[in-house]
Amino acid sequence: MGCGVSNIHFSDVSRATLSAIKAAVLIQRWYRQYVARTEMRRRCTWHIFQSIEYSGEQAQIKLYNFLGYLMDNFTPSSNERKLISHIFRENDVCRDAEWERYFCYKNIEVPEIYSGPHLTFPLTVEQAMGLVEAFRNKKQLHSRYILQLLLETWKLLRKLPNINRISTCQSKEITICGDLHGQLEDLLLIFYKNGMPSLEKPYVFNGDFVDRGHDSIEILIILFAFLLLYPSNVYLNRGNHEDHIVNLRYGFTKEVLTKYKMHGKRILKLLQKIFSWLPLATVIDQRVLVIHGGISDSTDLGIIARVDRHKYISALRPPKRRVTSSAGMSIDSEADEEWSNSKFLQRRASMTYPKPFGTRSNFQNRSLQDFSDRIREKVEDEVELCRRRTLHLEEQNQNDENEQCVSIQSVNSDNAKEEWKQILDLLWSDPMVQDGCIPNEVRGGGCYWGPDVTEYFLNRHNLQLLIRSHECKQEGYEFCHNRKVLTLFSASNYYDVGSNRGAYVKLGPDLVPYMVQYQATSMTRELTVRQSVGRTERSALKVLREQLFAHKSDLLSTFRVYDTENTGLINLSDWAEAVESVMHLGLPWRMLRSQLVTCKSSEGMISYYEWFNELTIKKPQTDGLIETLYRHRSTIETIFRIVDTDNSGFITIEDFRQTWKLLSIYLKMEITDEAISDLAVTIDSNNDGCIDIDEFMEAFRLTDKKNVQEWRTLW
């Protein structure tokens, strides 16, 4: 017997092992670089989407306060004031019984051919389940049943406190959901995974049920139905989108009027009432606070529990005080005489301190605070005017035995301002990494608060966790402030398919959060990571191109500063610096150049004139207005929706002209009467004297011809 001898040389083994190790290192290095590039693309895409989303919210707040400024300072007979006055009729003096008669559904007949769900009250579990199934199958609830359901919901909400207080027990878990934003598919998936609301399955829905998605009214109907069924097991918090002013811009108003053309106006008015009565917060086991937006360094749950929440039909507008005459006439006026010296002006909190109005061009850079506090002399002048008129009537009527006078009857101005500030912060604020509390100038509303504010607030109210929503997160949730603040977002694929997951959280008696993530669209499961990132990136770049084109004039002016010889060419470094100086988005422009710009000379210079020529308007009309239209497209559409008082989808030529005159004050560029008339005549192609709002906006859609062709080949 002997031992065998191997024919393999050790030197060969060493070389083979070394080659394998080198190959593994190269593969690992390549993979790490690929993952890093993919993550960078994903973060860049996310930044594009989020920056543009927040700029839209800021623009909406600026617009609303600009219109509010006009309402407070224009004469009642002015055409501009008449166009917009109806959206500010928030404090209509009307008893609840009178409103109930206005919202009466009994004269609305349900036709025999109606195949949707039928409701009787009080609701049954079978009817609520039937609603879910009907909406899953794209059926629509009749307007009679909607008004009936909304009336019952309104009656219930008026009995609820500002802060719901609920508790868990050994056999009970509470499920908390974040923003849904009209995405019914997400709500149905939550119910499929977690179960329907019931006595054993309580839910808290944390606001922003509506806007952006296409099924907002269906989500509201489902949530209200379960609220009526289980008032002690289903809880709804108000979000910043439960606001009729915000709904004008982000789609909910249009959705209701499209689905319910005959009774949509009544439905929307009733929803305004309902939104104002939604509770503001929920406390679980006295230890966990659930609110939609966030807090500030002045947030006080004691004050929040006492406010008359229904006064705030829109949380964007400061409270008014009532000026009452002895004749019983009541006038709303801004309560800001004493506010200017208020303690709240000592802290720079968002939208609550006055600034000078300045020139017309400055309207573009205003937040809510710029218009929320009116000129102090305005109130004094109005009171003095009323006093003089009263004296004049006395001189004419010698038989009057008592002197009429004007008296101001209102709650303390500081208290009113404090209440508004509390609600505003609750609905609009966001957390930040650094300590402190500063105005949220990105959104234009609320504030940014830091870990120190969280720590102080939780200790003060004996809480251990704050759950909020309001911000889209890539994973559907995110902890911050030493895991004492949890952001929860339940609308998956929010920006585009594959852009983010949705999530909900379950809390048991131990109050330890158990997160559940999901993506509602089946298409995301069919895409690879590369395909998903690529699809979302293309969508974000399309939106970014629109923003770049909207700032064409400013960009061209800045490019010419770098292009001193007027060659039409600019190097990459100067291009990136110029674009950031105009856009202020904080994006890696050098990295994005290859995806945004294809026009280069042989020396690698960028031809910026050719770049803009690649971006075209579908139906170019009145060249001087094109860029203005694109920069303020959403604002213009919002104004048109406001002017369209009968909700027909059409406005007259005269209203069109008045709208543009109004916008000429708000927009940077001056718009001449001739340009407005030419635009009106061009858009009114059938010469019927009316302009279709949807067709008008569609006529100015931006397209990137080269990228459209590339995308068609890819998909």
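View 1. Partly exposed denotes a relative accessible area between the limits for buried (under 20%) and exposed (over 50%), computed with a 1.4 Å probe on protein chains only. Lysine 506 is buried, at 15%. The two side chains meet in a salt bridge with an N to O distance of 3.4 Å; the term requires a side-chain nitrogen of Lys or Arg within 4 Å of a carboxyl oxygen of Asp or Glu. The model is predicted: local features need pLDDT of at least 70 and side-chain atom pairs pLDDT 80 or more, whereas totals for chains, interfaces and linings use all residues. Residues are numbered from 1 along each chain as its sequence is written, and side-chain values use heavy atoms, without hydrogens and water.

**View 2. The salt bridge of lysine 155 and glutamate 152.** The N to O distance is 3.9 Å. Both residues lie in helix H5 (residues 143-157), three residues apart, so about one helical turn separates them; helices are DSSP runs (H or I, at least four residues), numbered from the N terminus. Lysine 155 is partly exposed, with a relative accessible area of 33%, and glutamate 152 is likewise partly exposed, at 27%.

**View 3. The salt bridge between glutamate 471 and arginine 468.** The closest N and O atoms are 2.6 Å apart. Glutamate 471 and arginine 468 are both buried. Through shared partners, salt bridges connect Asp430, Arg443, Arg468, Glu471, Lys473 and Glu478 in one network. The structure contains 16 salt bridges.

Terms used: Helix = DSSP H or I, 4+ residues; strand = E, 2+ residues; numbered from the N terminus.
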